[in-house]
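Got a minute to go through how the labels on this one come about? Take a look first, then we'll go through them.

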Amino acid sequence: MMCRHTARACGLLLGGSTGTVPAAVRALRGALAPGATVLALSPGPGDRCRNTVYDDDWVCERFGVRDPAGLDATGMAKAQA
């Protein structure tokens, strides 16, 4: 879901492995001090994930998300819970 959110919000295609990095930062945001600097390293682009991470049917089958294209940041958090 983080990969898809980043694609919509920033126009960046992240691969599944790369998507775990901002997802972890989001999960830890309450533990980060205000104004903290966070460095996130990206293992690779998402060009090979078009038929998986960015395919609505694949996401629905794998993760049970009903409308992956319509998820915003709030819906994404609920889907991950």
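Buried residues (under 20% relative accessible area with a 1.4 Å probe; over 50% is exposed, and partly exposed lies in between) make up 23% of the 81 residues in the chain. This is a predicted model, where local features need pLDDT of at least 70, side-chain atom pairs count only at pLDDT 80 or more, and totals for chains, interfaces and linings use all residues. Residues are numbered from 1 along each chain as its sequence is written, and side-chain values use heavy atoms, with hydrogens and water left out.

Q: How many helices and strands are in the chain?
A: Four helices and zero strands. Helices are DSSP runs of H or I with at least four residues, strands are E runs of at least two, and both are numbered from the N terminus. Along the sequence that reads α-α-α-α.

Q: Why is threonine 6 called buried?
A: Its relative accessible area is 10%, so threonine 6 counts as buried. Threonine 6 sits in helix H1, and the buried residues of H1 (residues 2-10) also include Met2, Cys3, Arg4 and His5.

Q: What does threonine 6 touch?
A: Leaving out residues up to four places away in sequence, threonine 6 touches Gly11, Leu12 and Leu14. Contact here means heavy atoms within 4.5 Å. Glycine 11 follows H1 and has a positive phi, near 75°.

Q: What makes H1 roughly perpendicular to H2?
A: The axes of H1 and helix H2 (residues 16-28) cross at roughly 90° and come within 8 Å. Roughly perpendicular covers 65 to 115 degrees (under 35 is roughly parallel, over 145 roughly antiparallel, the rest oblique), so H1 is roughly perpendicular to H2.

Q: Which residues make that contact between H1 and H2?
A: H1 brings Met2, Cys3 and His5, while H2 brings Gly16, Gly19, Pro22, Ala23 and Arg26. By class, that gives four nonpolar, three polar and one charged residues. Ala, Val, Leu, Ile, Met, Phe, Trp, Tyr, Cys and Pro count as nonpolar, Asp, Glu, Lys and Arg as charged, and the others, Gly among them, as polar.

Q: Which five residues form the largest nonpolar core?
A: Cys3, Leu14, Cys49, Val53 and Tyr54. A nonpolar core is a set of buried Ala, Val, Leu, Ile, Met, Phe, Trp, Tyr and Cys residues joined through side-chain atoms within 4.5 Å. Not counting residues up to four places away in sequence, cysteine 49 touches Gly15, Gly16 and Tyr54.

Key. Axes fitted to C-alpha atoms, helices over the stretch in contact; angles between N-to-C directions.
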